Amino acid sequence: MIPPAAFLVLAALLFILGIVAFFVKKDLLTQFMAVEVMLNAGNLAFLALAKALGKADGQMVVLFVITVAAAEAVIGLAIIVLIFRQRKSIRTDDLKDLKG
Amino acid sequence: MALVIFVILSVLCAGAVVAMIVSRNQAHSALFLVLAFSSLGGIFGLLDAPFAAAVQVLVYAGAIMVLFLFAIMMFNLRQPAPPERKRLRAVLGTGLALILFAQLLLAGRRALAGGSPPGAAASGGDIAHLGRLLFSDYLYAFEITSLLILAALVGALALAGKREGE
């Protein structure tokens, strides 16, 4: 029997790893992958609490999160493809037009 | 036994995400994420959520990461990313992340302090129960999700489907 706290600790660890990846990496694609890691950490926390509380609602939320993540990945990648076509680069260092 | 599997899978998952951060090659990063999401699917299975585990492996490790790999192939970035110059950002990000980690741990401890209510561990991984919930309590969310997917499909075609010359 694994305590639910262990799953929550893993979820927190994955979430902060996603945040670190988002800050450290400097191309849009890898930053987008970091967002996916954070979404998965949220899913893990939902499932851990669903089991700890004995309710199935957490699992439903996870299903919807995965579906919305798929839609979000499609749109996000389409936008990144557009940026790459216009700028020939997806490095965030090259996208500084808003900087005064 | 379950504890051993959990430790192996969680080390694999966290290690793959760290490897994804360290790797300079985007394709390698995506493949490390496939490993991370697959092992996370195993962890979902440990949580009595077999359907979520299957969907995790099929949709995340399968569909979404393959989409990422397709995008990486489209960009055709031959040269690896140059080493990052600004250390400040990495240090700041790591510090902020550690603070958030402590906060999350505190919040998780408080969330679990109430103890599990009576009747816990019932109706855990029953897929028929999930399906019934999906088409009763969550019917509106389900229908709106289908609309969202359609909008994403049309939106992606409208955004990226144009030819260069238009």
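**View 1. Chain B and the confidence of the prediction.**
Chain B is built from 6 helices and 0 strands. Along the sequence, its pattern reads α-α-α-α-α-α. The mean pLDDT of chain B is 84. In this chain, 83% of the residues reach 70 or more. For the complex, the predictor gives an ipTM of 0.91 and a pTM of 0.86.

**View 2. Inside chain B.**
Chain B has 166 residues, and buried residues make up 21% of them. Take the contacts in chain B with a separation of 6 or more: 55% of these join residues 24 or more positions apart.

**View 3. The side of chain A that touches chain B.**
Here 57 residues of chain A are in contact with 70 residues of chain B. Three elements of chain A give two or more residues each to this side: α1 (4–24), α2 and α3 (57–87). Which element gives the most? Helix α3(A) does, with 21 residues. By class, the residues on this side of chain A divide into 48 nonpolar, 5 polar and 4 charged.

**View 4. Helix α2 of chain A against helix α2 of chain B.**

**View 5. The residues between the two α2 helices.**
From α2(A), the contact is made by Leu29(A), Thr30(A), Met33(A), Glu36(A), Asn40(A), Leu44(A) and Leu47(A). From α2(B), the residues are Gln26(B), Ser29(B), Ala30(B), Leu33(B), Phe37(B), Leu40(B), Ile43(B) and Phe44(B). By class, the contact of α2(A) with α2(B) has 10 nonpolar, 4 polar and 1 charged residues.

**View 6. Pro4(A) and its surroundings.**
Pro4(A) is found in helix α1 of chain A. Is Pro4(A) buried or exposed? Pro4(A) has 21 C-beta neighbours inside 10 Å. A residue is buried if 20 or more lie within that distance, so Pro4(A) counts as buried. Leaving out residues up to four places away in sequence, Pro4(A) touches Ala48(A), Lys51(A), Ala52(A) and Leu112(B). Now look at Pro4(A) and Ala45(A). They are 41 residues apart in sequence. In space, they are 9.3 Å apart, C-alpha to C-alpha.

Note on methods:
Residues are numbered from 1 along each chain as its sequence is written. Chains are lettered from A and ligands numbered from 1 in the order in which they are written. This is a predicted model: local features need pLDDT of at least 70, side-chain atom pairs count only at pLDDT 80 or more; totals for chains, interfaces and linings use all residues. pLDDT is the predictor's confidence in each residue, from 0 to 100. Two residues are in contact if their C-beta atoms, placed from the backbone, lie within 7 Å. Helices (H or I, at least four residues) and strands (E, at least two) are DSSP runs, numbered from the N terminus. Ala, Val, Leu, Ile, Met, Phe, Trp, Tyr, Cys and Pro count as nonpolar, Asp, Glu, Lys and Arg as charged, and the others, Gly among them, as polar. A residue is buried if 20 or more other C-beta atoms lie within 10 Å of its own, exposed if 12 or fewer, and partly exposed in between; C-beta atoms are placed from the backbone.
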